[in-house]
Amino acid sequence: MLETLRKQLQQHTPQRLDHVKLPEAAVLLPIVERPAPTLLFTRRASHLNTHSGQVAFPGGKREAGDTDLYATALREAMEEIALAPGLVQPLGRLSDVISLHGIRVTPWVGIIPPDLPLVADPSELDAIFEVPLSHFLDDKRTHTDVITVDGITHYVPSYHVDGHVIWGLSAMMLVELLAEGFGMPINLHQRPVGALRHFPERRSRPHTSARHPGMRNPK
């Protein structure tokens with residue numbers, strides 16, 4: 001499975017938005033190399049004033065010392081969950097996304113060994129957890145969020161797993177991973193079967209893309 005993913009992502013040409021001049025951020029989608037591979041997520045601490053309790057991938061804003069956005073993703077993963085950069089096998093990047101907060105985010109996919117002594121930074125996170133990739137490949141969504149931005153409708157899956165809710169921008173990145181990495185017939189712009197939950201229409205900030213709706217605000 002993971003070798004197939006590696007080959008598919010090497011052939012994938014993600015959308016790059018380098019021409020958009022906005023603050024930059026990056027996240028890491030860590031796939032845990034188990035007999036049945038899992039995807040690792042984090043949950044923002046409940047004491048935070050904004051976006052508390054939200055599920056996300058490790059990541060945050062680019063800093064001046066970061067050589068590139070992959071370095072940003074690795075540094076943030078080290079700071080947030082004590083994931084040593086040398087333990088990440090990079091597989092490739094996914095398409096840039098722009099949040100309604102005006103941040104351009106680049107997702108990266110990497111493989112990590114199982115059972116690492118990961119530790120959540122208590123100032124930012126209160127949980128690290130894994131979900132089997134099969135849960136997403138079997139499309140075990142609870143419902144679909146219908147999010148319209150600047151007149152463009154997005155059908156974003158929402159997954160409830162062991163008390164965690166995976167939705168929003170993290171779920172949108174996950175859709176691209178499933179479609180491009182595993183050939184899954186899933187599309188953000190095609191209405192799926194099942195329950196829908198509609199959100200009020202949103203407007204993006206000036207000079208930002210309407211391709212993707214809002215996300216949690218990176219650090």
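Guide: Before we start, a quick convention: contact here means heavy atoms within 4.5 Å. This is a predicted model, where local features need pLDDT of at least 70, side-chain atom pairs count only at pLDDT 80 or more, and totals for chains, interfaces and linings use all residues. Residues are numbered from 1 along each chain as its sequence is written, and side-chain values use heavy atoms, with hydrogens and water left out.

Visitor: Thanks! Which residues is F41 in contact with, leaving aside neighbours within four places in sequence?

Guide: F41 is in contact with V55, A56, F57, A127, I128, F129, V131, F136 and I166, once those neighbours are set aside.

Visitor: And how many residues are in the largest nonpolar core?

Guide: That core has 39 residues, and L29, L39, F41, F136 and L177 have the most contacts inside it. A nonpolar core is a set of buried Ala, Val, Leu, Ile, Met, Phe, Trp, Tyr and Cys residues joined through side-chain atoms within 4.5 Å. Buried means under 20% relative accessible area, exposed over 50%, and partly exposed in between, with a 1.4 Å probe and protein chains only.

Visitor: Which element gives the most to this core?

Guide: Helix α4 does, with eight residues. There is also a second, separate core of 15 residues, which includes A26, L28, L40 and W108.

Visitor: Tell me about α4, then. How many residues does it have?

Guide: α4 has 15 residues (168–182) and reaches 21 Å from its first C-alpha to its last, close to the 21 Å expected. The expected span is 1.5 Å times one less than the number of residues. Helices (H or I, at least four residues) and strands (E, at least two) are DSSP runs, numbered from the N terminus.

Visitor: Why call α4 largely enclosed?

Guide: Because twelve of its 15 residues are buried. Among them are L169, M172, M173 and L177. After α4 comes G183, whose phi is positive, near 70 degrees.

Visitor: Changing topic: how many salt bridges does a search of the whole structure find?

Guide: The search finds 17. A salt bridge is a side-chain nitrogen of Lys or Arg within 4 Å of a carboxyl oxygen of Asp or Glu. One of them joins D126 and R43, with the closest N and O atoms 2.7 Å apart. D126 lies in strand β8 (residues 125–132) and R43 in strand β2 (residues 38–44), so the pair ties together parts that are 83 residues apart in sequence.

Visitor: Is R43 buried or partly exposed?

Guide: R43 is partly exposed at 24%, and D126 is also partly exposed, at 35%.

Visitor: What about E79 and R75, where do they lie?

Guide: Both lie in helix α2 (residues 69–81), four residues apart, about one turn of the helix. R75 is buried at 16%, whereas E79 is partly exposed at 39%.

Visitor: Which residues are linked in a network of salt bridges?

Guide: R16, D18, E24, R62, R93, D96 and R104 are linked that way. D96 also has a polar contact with the side chain of T106, at 2.7 Å. Within protein, a polar contact is a pair of N or O atoms within 3.5 Å, where one must be able to donate a hydrogen and the other to accept it, and residues adjacent in sequence count only if both atoms are side-chain atoms.

Visitor: Where is T106?

Guide: T106 is in strand β7 (residues 104–112), and T106 is buried, with a relative accessible area of 0%.
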